[in-house]
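This report is written for a reader who is meeting the structure for the first time. Please keep the sequence and the model in view while reading the sections that follow.

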Amino acid sequence: MTGVPQFTTDAAAALALHLYGVAADVTSLPSERDQNFRLVSTTGRAFVLKIANAGESLDVLRAECAVMHHVAAAATCPHLITTIDGHEIARAGAHFVRLISALPGTPLGDIAYRTPALRTDIGRALATLNAALSDFDHPAFHRDFHWDLANAARVVHELLPQVTDAALRTHIAAFAAQHDTTVVPALDGLRRSVIHADANDYNLLVDARAQVVTGIIDFGDMVYSHTVNDVAIAMAYVMLDADDPLAGVADVLRGYHAVHPLSDAEISVAWTLACMRLCVSACMAARQQAARPDDAYLGISQGPIARTLPRLASIHPRFAHYTLREACGLAPVPNAPRITDWITRNQHTFAPLLGVDLSNTPVAPLDFSAGSTLISSQSEQNAPALLDARIRQVLAEHGATIGVGGYDEARLIYHWPHEPKTSEPRTIHIGLDLSLPAGSPLYAPLDGTVHGFEDADHHHDYGPLIVLRHVTTDADPLEFFSFYGHLTRDSLHKLHVGKHIAQGTEFARIGSDPTNGHWWSHVHVQLATDMLEVPCNVDGAVRASQRHTWHSIFPDPNLMLGTPASRLPHHVATADIAASRRAHIGGNLSISYGSNPLHIVRGSGQYLYDEHAHRYIDGYNNVAHVGHGHPRVVRAVSEQMALLNTNTRYLQDQLTRYAAALTALLPDSLTVCYFTASGSEANELALRLARAHTGARDLIVMDSAYHGHTTTLIDISPYKHDGPGGSGAPDWVHTSPVPDVYRTRGISGEPGAWFAARVGEVIDHVGSMGRRLSGYIAETCPSVAGQIMLPEGFLREVYARVRAVDGVCIADEVQTGFGRTGSHFWAFEAHGVTPDIVVLGKPIANGYPMGAVITTRAIAESFDNGMEYFSTFGGSTVACVAGMATLQVTLDEQLQQHALTVGSHLRHGLRELMSAQELIGDVRGSGLFLGVELVRDRLTLEPADTEASFVVNRMRARGVLVGTDGPYHNVIKIRGPMLLSRVDCDRIVETLAEALRECASLR
C-alpha cells in the first residue's frame, strides 16, 4: 500500500516534542494504512500521535476534527490537542499529523471475558455516538469508500475470486446472495447519517473489570451511510469466535435500540449486514495480503472470520431476525400475535383432535422433564415398552385414558446420555404430547391442506409425520401450520402436498414402537407460525437460551387443543423457588453461586442436571461417592425401605453384617462400631468416647479445621469459631498450626517433624497448665484448610506425642475415606499410623444420612459406663443397607484404583496447566481429592481469592462444578464422585484453562 508513513518510535517522540512540546515515552500501535503511536508524557498524561497516510485527504482529516468537536460532550470519544502554535493538524513531510487524548481502557479484542452487560454497553455507547451525530454532516464524509458497508455487495462481488480458501469463498458467496435478496432492495428506505463505520474490537476500549465501554476511537473510516451499518459492524466483531454469536449480537442490538431506536426495516437487515461486514473484511484482506504478504496486521481477524462464518451460515436468517426483534422488545415473529389471537378466539369452533373434548375429559398430566420420576436415570429403563407401562400406571391413578405433557418442558430424553460437548443441547420440548393407545385416531381440528409429510425413521426421530397448512379467516389472512408426529405408517398413504383435509376428518392414527421413531405411544402436536423453509421435519426441541424466540415461532399447541391449565404438568419457576427459600429458610443456610444459584433437578453418575436439562460435570460433591443415583444403591435402599426401616433396638442382620464388613477393612485394633445419622453426630460421639476413656476434656485441634455444625463441634472448629459470627475457642480447645508446607515460612529440617514439634509445644502447654489431654483430632487430609496433604512423618510423630500423655488419636476421615485418595482405602494408612478412633461420614452411604465411629474394644468398654447410647436413625436397617451397598460398589467397581489412575491423570493435567498459568501457585492432592491454589504472586503467595471465585463461576457457566476452600478462599477443590472419567478430567482442565485465560484478561 502506497503512502504508508514509516516513522520510528524515536522519530515520533521527536515529532511530539517539536510540534506539541510533549516529552514522552513512545510505543507503536497497530494500524492498516496510517501510523499511530501511544505517548505517555513525563507528567503521566497519555496521548495518541496519529500520522496519516500520505494519500489521506486534508478535508477528511478536518472533518474528523469537526466530529471530535461535535461529540466532545461524549466521554467515550477522544479530544484534539493543538500544536504549540495552535493548529489542530500539523505536517511532517508528506504526512499530516494530529495529537489526541488517549482514553482509558483495554481494546475489546484483548479481553477474553465479555459479559452480556458489556455487549449491551457496546450497543449503548455506539448508539450514544450515533445519536450525537444525527444532526452532524460534512461534505468530506460523502465519499465512495470501499469500507462503507453500503458498498458491500460491490466489494464482495469484485474481490471474492481472490479469496483462496474454497470453503470460505462458498460461505461468502452465500451471504452475498442473501444480501442481494434481502438487504439491497431495502437500502433506499433506510435512514442515513454520518457514522463511525469501524467499531471493531480494537477501536472499542473497555474497562475489563467493570465490563463497560470506556472509549470509541479511530474516526478514520467515518462516512455518510446507512445508520444501521454502524451497529451492524459492531455486531460483526462481537460475533467473532463467540460461544454464542447470535446471543452476543442480540445483546449489542438491545443496548443500541434502548438509546437510539431502530426501525423495523433496520432491524430486519442488521443480521445480514453484520455477516456481510465479515465477508467484506475477508475479501479486502485477501486483496491486501496478496499485495503485502509480509504484513501480519492485515490478517489479524481472518482466522476468526474463517472459523465464525460457517457457524453463522448454520443460523437461519429469519431466526436471527426474530431473535434481534425480541432483543429490541418486539414480538419475534411479527405476525405471531395475530395468529395466536385468532386461534384463541376461534378455539371453541375447532374439532377435537382426539375425538373428545379435552376441556371436560379426564386427562392425566405427564411430566417428562429433567426432574421427572417418570423418566429413569438409567436410559435402558426408558425403552418404549417400559415407559408405556409407567404411563399406564399414572393414567390409572388419575382415572384417565389420555395423558398430556408438556410444552416448554426441559427434557433429557432427546440426547441423554450422549449430550453434545461443544454446544448447548436442544432440551426444551416445543410441542405438546398426547399419550394414548397406539392406533387411536386423530381428527383435523380445522380445515387445512397437506403442507408436507414423511417417514422420519431414524431412532428417536418422529417416525411418520404430517404437517397441515391453515389460513386465518380474518380480513388480512395469515398462514400457520400444525404438525403431528409419531404416527402409523399407513397415515401417510394417499397423501399429497396440497391435499385438502376438512375439519373433523380422521387424517391419521397414533403409531407404536418401533414405527413411531422408537417412542412410547403418543402424538407430538406442534404449531408453527414460520416453518423456516423446513418442508416437514421441524425441530421438536430447542435450546433453553433461545426458548422465548421459539415460543413465537412455535406457539403453545394447547391454544388449539384447549386442555385446562390445571390438567397440564406444572413446573415451579426457579425464581419462585428462590423467593420461597428467602421467605421460609434461614439466611445463613449457605447456597452455592450466591445471587445466581443453580436449580439442580437430577443427578446421574458423575453428572448433575439443572432445570433446563443442562448437564454439569460434578467435581464438587464427594457425598455421592459411587455416583448420583447409583442403581445398586437405589435398588437396595428402596427394597429395604419397602420391607422395614427401624432402629437398632431390635436385632437386625443388616447392622451386624455392615459392621463386620466395615471393620474388616480397618486395622485389627478397630473393631467396635457406632452408627449415627451424620458426620457431625459421629464427631460428637468421638469426643465423648475420648473423654470417657481418658477422664480428660482438653483437646488439640488443627488450625482452620472444620469437624461439624453442632455447638461442641463449632467449639473445636477454628474455621467456624474464628470466622464470621464466631466467638473463639473455649479454654479446653487448643490449636496447633495446619501443616501447610506450601504457605508456611521458616520450616527447618523435615516438614513433618517440624510441624509435629509445634503440636508437641501445644501438648507441653496443656501440661504446664496442670491439665490432662483428652486427645488430638484432625482430618487426615485437611479439606477446608485448603485440600492439604500432610507431610511425611507428621502423623506418626504426633500420634506418638499424644499417646505419651495418655491422649487418644482421632482420625476424621469424613472427607477422605473409602478409597478417595487412591493410594489407600483410608487416608491415614498412607502415614503408617493406626488411630484410636476413626470417624466416617459423607460418602459412607452415597447420600443417605449416615455416619460412623469405629474404635478399639478398650475405648468402647470405657464408654460403656452405664449411660445408654442411642441414635434414633443411626444404624437403621435402611442406613445399613445403604452403607453396605455403597461399600460393595466401591469394592466391586474398584473405585479406589480408579481414583488413583484418573486422579493422577487429572493432577498431571493441572500441573501442566500450572506451568502456563502464573495464577496457579500450587497443585496438590491424591486420587480424587485435589486442590489448586491460586495466588497473585508466586513469591509473596498473595491469595487470589476474588480470582478463585471468578474462575469457579466461569467453570460453572461452562458446565463444570468445583468449589473454593482454604483460609483465604483461594483454593479450588476438586473432589467429585469417584466415577469421574479421564474425559471428564480433561474437560475440567480445559474449562479451568479457559476460565483462567478470561481471568487473566481482567487483571
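## Strands β20 and β23 and their sheet

In this predicted model, strand β20, which covers residues 479-485, pairs with strand β23, which covers residues 522-528, and the two run in the antiparallel sense over five bridges.

## Cavities

How many cavities of 30 Å³ or more does the structure hold? There are four of them, and the largest cavity has a volume of about 50 Å³.

The lining of this largest cavity is formed by K50, E64, M68, P78, R98, I100, I217, D218 and F219. Two elements, α2 (58-70) and β6 (95-101), are those that give two or more residues to the lining.

## Two histidines in helices

Is H321 buried or exposed? This residue lies in helix α10, which spans residues 317-327, and H321 is counted as buried because its relative accessible area is 16%, which is under the 20% limit used for that class. If its neighbours within four places in sequence are left aside, H321 is in contact with I267 and S268.

The other histidine, H908, lies in helix α25, which is formed by residues 895-916. Its relative accessibility is 48%, and H908 therefore counts as partly exposed, a class that falls in between the buried limit of under 20% and the exposed limit of over 50%. Along the sequence, H908 and V923 are 15 residues apart, and in space the C-alpha to C-alpha distance between H908 and V923 is 9.2 Å.

Key: Residues are numbered from 1 along each chain as its sequence is written. This is a predicted model: local features need pLDDT of at least 70, side-chain atom pairs count only at pLDDT 80 or more; totals for chains, interfaces and linings use all residues. Side-chain values use heavy atoms; hydrogens and water are left out. On a 1 Å grid over the protein atoms alone, a cavity is a set of points where a 1.4 Å probe fits but cannot get out, and a pocket is an open set with protein on both sides within 12 Å along at least five of seven lines; lining residues have an atom within 4 Å of a point. Grid points are joined across faces, edges and corners, and a volume is the space filled by probe spheres set on the points. Helices (H or I, at least four residues) and strands (E, at least two) are DSSP runs, numbered from the N terminus. Two strands pair if DSSP finds at least two bridges between them. Buried means under 20% relative accessible area, exposed over 50%, partly exposed in between (1.4 Å probe, protein chains only). Contact means heavy atoms within 4.5 Å.
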